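Biologist: I would like a close look at a single part of this protein. Please start with the surface, then move on to helix contacts.

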Amino acid sequence: MASQDVLSQTTRLASSSALLQVLFRVVTFGLNAFTLRYLSRELIGVVNVRLTLLYSTVVFLAREAFRRACLSGSTKRNWTKTINLLWLTLPLGVFWSIFLGLVWLHLLEVPDPSVVPHYQAGVVAFGLSAIIELLGEPFWVLAQAHLFVRLKVIAESLSVVSKCILTVILVVLYPQWGLYIFSLAQLFYVSVLVMCYVIYFVMFLGSPEATKKSFPVARMKALLPNLVEDETFVNWKEAWLTWSFFKQSFLKQILTEGERYVMTFLNVLNFGDQGVYDIVNNLGSLVARFIFLPIEESFYVFFAKVLERGKNVKDQKQDDVAMAANVLELLLKLVLLIGLTITVFGYAYSQLALDIYGGSMLSAGTGPDLLRCYSLYVLFLAINGVTECFTFALMCKEEVDRYNFVMLALSFTFLCISYFLTHWHGSIGFILANCFNMGIRIAHSIHYIYDYFKESTYRPLTGLLPSPFLVLVYIISGVITGFSEVVFCCDKGWMARLIHISMGALCFAATIVTMFCTETKLIHFVRSQ
């Protein structure tokens, strides 16, 4: 596939992912806001921190390394061996589910049954849901490698909406069920997700469209583990790369979910405070999930296909290097501007957003300060996603192994800083520690990108330098909206709130107009791709 075709399909995948996720998440946003009125902070804390951490840890440790390894390189490969390798995620998932389930049941603090009933059933259900989701892993990798634009987003969105609808129905009809509600909803979510992929491939394989695309898999039986006569069961090069990524993914999971591990194992916050922190964290990370994650996942595939892993810039095709450098520069500029916009406007509108979303349970206390800090953290998330996406797509096995040592030291430092900052500044300390963690990771990736391109004429890191005039507009907007919040928000009635919102809308419009005038290259890229 030509590089331009890869770029076209990749940008379509990222933009479609973002748009469809926004559409479906608007529905779930409203359903979750409704559900909050019926639940205690303690129940939310146990579900969203304790049990979700169990599920995400099992899934991440079982599949992340396989995804990274199997999405590297060309789609022209022995897919039978790749599929065989991907099925190893299932026994690995069973192991992690049993091991971590026992830890969650016997080594961690058990919630008060009168406040959060049926905790043991919740642990079993969330561990089982991780195993069910791993059944769809070969389908997911095939779809992602061949840039199936809408399948992934529609499958995930339908499953999330189905989960939210079932949760709302059960919360309203049977509020006394406690964790049974969320256990059933979680199992329903992963079942719908896997079935979407299975049904799609049942319909797709053998169809004229599959024949036209020369799809490497002809029938559903080929998606099951198969022995290849006189050949090894898996591609050992992929297997060793998976092992390297596995060591890294273990550390990356600690960094990604570090604050939840500190909450879970060190008990620095009670379940109620954990619930508020998690709601604010999820609200603050909406843009990261809607926009940054689809960009990171889609353009990881793009960079891995266009440039060859482990080769320096001089040994690559120069046309591909030019395209990759240009795309990287514009991606950095895009996520930087999105992050700056959220940081500037998020500061003045955090309290209002929380009050509308969850009422006084969220807008009183530390909630607004948490969301303000998270607005800054989003900027770090934005830059780190793109820089690491490029870095991981180009690192050879030896570089990945060396980076594992960096991640090991960073993981230990992050956990220590999280613990001490939380004792010093409560739940806000978690976000400050995350900012430090992301800053170090960004510095490492920027250093790698600089070294990679220093022997060429391309300087993609200039994408991190916005127009000075645009920076000035951001500063003025921040001052105006901050003053507006002090004067009009948020206990002076809805008329004052509307004035505050109007001030923000005017400043936002001025920022967008300035962006169109000063960042013409980026605007052209977004429009054309």
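Which residues make the nonpolar surface patch?

Modeller: Keep in mind that this is a predicted model. The patch is made by Phe34, Tyr38, Ile165, Ile169, Val172, Leu173 and Tyr174. Its area is about 630 Å². Helix H7, residues 151-173, gives the largest share, with four residues. Leu173 is a patch residue that lies in H7.

Now the helix contact. Helix H12 spans residues 271-284, and helix H16 spans residues 367-394. Their axes come within 9 Å and cross at roughly 35°. The crossing is right-handed. On the H12 side, the contact uses Tyr277, Val280, Asn281, Leu283 and Gly284. These meet Gly367, Leu370, Leu371, Tyr374 and Val378 of H16. Seven of the contact residues are nonpolar and three are polar. No charged residue takes part.

The structure holds 14 salt bridges. Side chains of opposite charge can pair when their charged atoms come close. Both Arg68 and Glu64 sit in helix H2, residues 41-70. They are four residues apart, about one turn of the helix.

Notes:
Residues are numbered from 1 along each chain as its sequence is written. This is a predicted model: local features need pLDDT of at least 70, side-chain atom pairs count only at pLDDT 80 or more; totals for chains, interfaces and linings use all residues. Side-chain values use heavy atoms; hydrogens and water are left out. Axes are lines fitted to C-alpha atoms, for helices over the stretch in contact, and angles run from 0 to 180 degrees between N-to-C directions. Helices (H or I, at least four residues) and strands (E, at least two) are DSSP runs, numbered from the N terminus. A crossing is left-handed if the near helix is turned anticlockwise from the far one by less than a right angle, and right-handed if clockwise. Contact means heavy atoms within 4.5 Å. Ala, Val, Leu, Ile, Met, Phe, Trp, Tyr, Cys and Pro count as nonpolar, Asp, Glu, Lys and Arg as charged, and the others, Gly among them, as polar. Patches are made of residues with over 30% relative accessible area and no salt bridge: like charges are joined within 9 Å, nonpolar side chains (Val, Leu, Ile, Met, Phe, Trp, Tyr) within 5 Å. Accessible areas come from the Shrake-Rupley method with a 1.4 Å probe; for residues, only the protein chains shown count as cover. A salt bridge is a side-chain nitrogen of Lys or Arg within 4 Å of a carboxyl oxygen of Asp or Glu.
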